[in-house]
Amino acid sequence: MIRFVLRRLLAAAVLFLIVLTLAFAVVALAPGEPLAPADPRIPPEQAERLRALYGLDQPLPVQYLHWLGAVVLHWDWGQSYRTGQPVAELLFDALPPTLLLAGAALLAQYLLGIGLGLIAAFRPNSRLDLSVRVASLIVYALPTFWVGLMAVLVLAVGLGVAPAGGMTSAAGFELGPLAAALDVLAHLWLPALVLGLSMAGDIARYTRSSLIEFQATEAGRAARARGLSETRILLVHGLAHAAPRLLQLASVSAPLLLSGAVVAEAVFAWPGLGTATLLAIQSRDIPVVLAATAYGAALVIVASLVADLLLTRLDPRIRVE
Amino acid sequence: MIPVAAMRLLAAAGLAAILGWACASDTPRDTTRLTVGMRFEYPTPNELIVQQTLGHKAITSQLLLPLMNEESDFREGPPSWKPALAETWEFSEDRLVLTVRLRAEAVWSDGHPVTASDVRFTWQAQTDPDVAWLYAYAKEAITDVEVVDERTVRFHFSRASPTQLADVAPEAVLPRHAWAQRPFAEWRSDPGWFFERLTESGPFRLENRTPGRELVLGRNPDYFEADLPRLERVVLRTAADSAALTTQLLAGELDVVTAIGAADAQRIEGRSGLRLHAYSSRQYTFVSWNTGQPRFEDAATRRALALAVDRQAIVDTVWRGYARVGSSPILSDVWARDPELEPWPHDPEAARTILAAAGWRDLDGDGVLERNGEPFRFELATFAGAAARWDAMQMIQADLRAVGIDAQLRRFDQNALLPRLLGNDFDAAVSGFAIDTSLDLRPTFHSDSIDGGHNYAAYANPEVDALIESVATRLDPLAGLEDLHRLQRILHEDQPMLVLWEPLTLAAFNEELESVEPNALSPLANLQEWAWR
């Protein structure tokens, strides 16, 4: 097991290095000059001084080695061209809100998806089942930004049952710890629900098919023969049977959640990694774009690694060799 | 059982949070505070080490005052200057020395007086190579800043010019006693350090900041203007997207939003309790025709292009009326604008006649005109990211097609297109300028600015060069008015650039607020006077 974990960690590190290199190459090869002054009155030597401060006067291979060395040895991602802030500090502020949103969305997606899948599996091919299947397909097909905008317009602006944006209320720093946590929760539930909704349909369909499939297996028939109730068969044994596939879906969800978070953060003014990335792309803030890409890749790699490791524990058919 | 209990607890907490939030939104308004939505990033209060934006400048000016503030009276005449930290100022007879007297009552929020040494320190920082302030060129005419006594400072100039006050006045005076502790060479390495050593001279103090989310400004009790600011606290909230801020305004979570897109304006119009305020942005958007290319080399063809484009339709459709059709690089609400200058009308028939007279014919019957065997087909480029501009370009493309011209639209990254514009390596391009009130047309129309300057169209006209130079040398801008009018009329006839529109900036606010007067200089202009009725 330890060798397996080490091997996977090594592969993850190599993959991460490849992502870093590709990201740097793509950004470096893009046309145009970073920090090109838009004001023609700025003398060339002034602009050159600024370029030298950021190391842009060096040849590209030297820039790459400096950047990679600083990242690998010191976790130093350089300074934002736009704000001058250390990039690690900027993303350190942005990462927790994104992790919170993505985590809550993951929870929402599984709660909703498994719930709907169970409902459908109880009465296969009934009207209810058909409704759940159609609804999950529709939800899967709807773009997150549209669902988000509609949710804000109806629930926040129209009905006033949720805040329209942000992560906290204005001057939320004045609140005590419990009130502050509740304040964040009040701002979190709607974006998390919207973000989770897109994948919930997929989870529902997987849950339904796994549960129906389980009922036809020997284990399912044996459980029924032992006189267990239908509810117990599906909830306990059926879900245990479906768990490995559902877990695999979690690793598939991670990149979708992260890309969805960029959209959801823009719609709900959620101050996370997606917002920071969007601002950086808009202003060609290369150090931030590179770091945000790397953070995103790292999150996906880690999620996939964790899902694989958990799978080896949950699914008796999988053995580590 | 445990998961069920945990889920119940979670559900209860969620419900409590929602109810709590809903109840909180029903509480009576606290008239001592205000919540403003605006797009900003505020990594440091030191404006010399960040890319200057209107938002950053607007916030900094609440915390750190300049010597003087430019007034927004550019409609009536050359803009005047209002004293801020300076009490009085006076030029020497030859205008090579400017003596500024500071206010006796101006103090930093840590109790230190604002002194002439602070003013000199600010100039040293602005011009120090290690600070690498991008706009250091603005100080090149200042040869020294002399401390005469604690409250008196003298600016020495190498030459007199009409912009001397603008060279001296607009940047924040920095607190020497607090910021000189860090060598200039280290200023850029840690922008956050300046928050730790921030001491304010403006109407507000920085009470709290949550990076990427909000800044909380509190009333500065030591501010020298009596009874100002009128609000105890202003919370500035930000978002990456202005539409999200508009939504929060509609939901009642914000009291003011400083920049609303034209597309969102209709969500505000007619809403009870909200007021929409449109004001000049001192910007214009234009098409540059590369006059170095044979198809754009004659003024008659360029005038025909102006007649072919229905700019009023663009303003009505894309900008929903929140823009003005342009006709001059001197904007329609600036004092020096020629009042008799009217935009070229939309007249496709007249355009066709002029094009035919200029030798353009569709000889092969493919719907595109030709001259000397070359079809009138070109690339119309712009910067990526401006959705309204792209929409307008599609309308321009259709208008040009109607008179037999094939414009192929392309979007480029900012850093990819700008070098091409500066090097005159393009066919035609749509871009925009944000301008100050100096009325200096040298960077955009003087033949000196063709190579590497913003004279993208490569336009060269000796009379225009002479007029630009004449205006620049007059110490009294009003004396150059006739030359400015003549200049505008020549550019109108020659059409090296087609000014498309002058966008308006839109702000929306709760109508219970009074004295909210954002302007082109600052979305938070006169913030210290804002108050609830």
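Figure 1. Among the 321 residues of chain A, 45% count as buried. The accessible surface of this chain amounts to about 15600 Å², and carbon and sulfur atoms contribute 70% of that area.

**Figure 2. Helical architecture of chain A****.** Chain A contains 11 helices and 0 strands. Read from the N terminus, its elements follow the order α-α-α-α-α-α-α-α-α-α-α. Along the principal axes, the C-alpha atoms of chain A occupy a box of roughly 85 × 55 × 40 Å. When contacts in chain A with a separation of 6 or more are considered, 75% of them join residues 24 or more positions apart.

**Figure 3. Charged side chains of chain A****.** The chain carries 21 positive and 20 negative side chains.

**Figure 4. Interface of chain A and chain B****.** On the side of chain A, 62 residues take part in contacts with chain B; on the side of chain B, 54 residues are in contact with chain A. Between the two chains an area of about 4600 Å² is buried, and 62% of this area comes from carbon and sulfur atoms.

**Figure 5. Salt bridges across the interface of chain A and chain B****.** A total of 3 salt bridges is found between the two chains. One salt bridge links the side chains of A:Glu174 and B:Arg233, with an N to O distance of 2.1 Å in the predicted model.

How values were computed
Residues numbered from 1 in each chain as written. Chains lettered and ligands numbered in written order. Predicted model: local features only at pLDDT ≥ 70, side-chain atom pairs only at ≥ 80, totals over all residues. Heavy atoms only, no water. Helix = DSSP H or I, 4+ residues; strand = E, 2+ residues; numbered from the N terminus. Buried < 20%, exposed > 50% of the residue type's maximum accessible area, 1.4 Å probe, protein only. Contact = heavy atoms within 4.5 Å. Areas by Shrake-Rupley, 256 points an atom, 1.4 Å probe, with all protein chains shown as cover. Lys, Arg positive; Asp, Glu negative; His and termini not counted. Charge placed at Lys NZ, Arg CZ, Asp CG, Glu CD. Buried area = accessible area lost by both parts, 1.4 Å probe. Salt bridge = Lys/Arg side-chain N within 4 Å of Asp/Glu carboxyl O.
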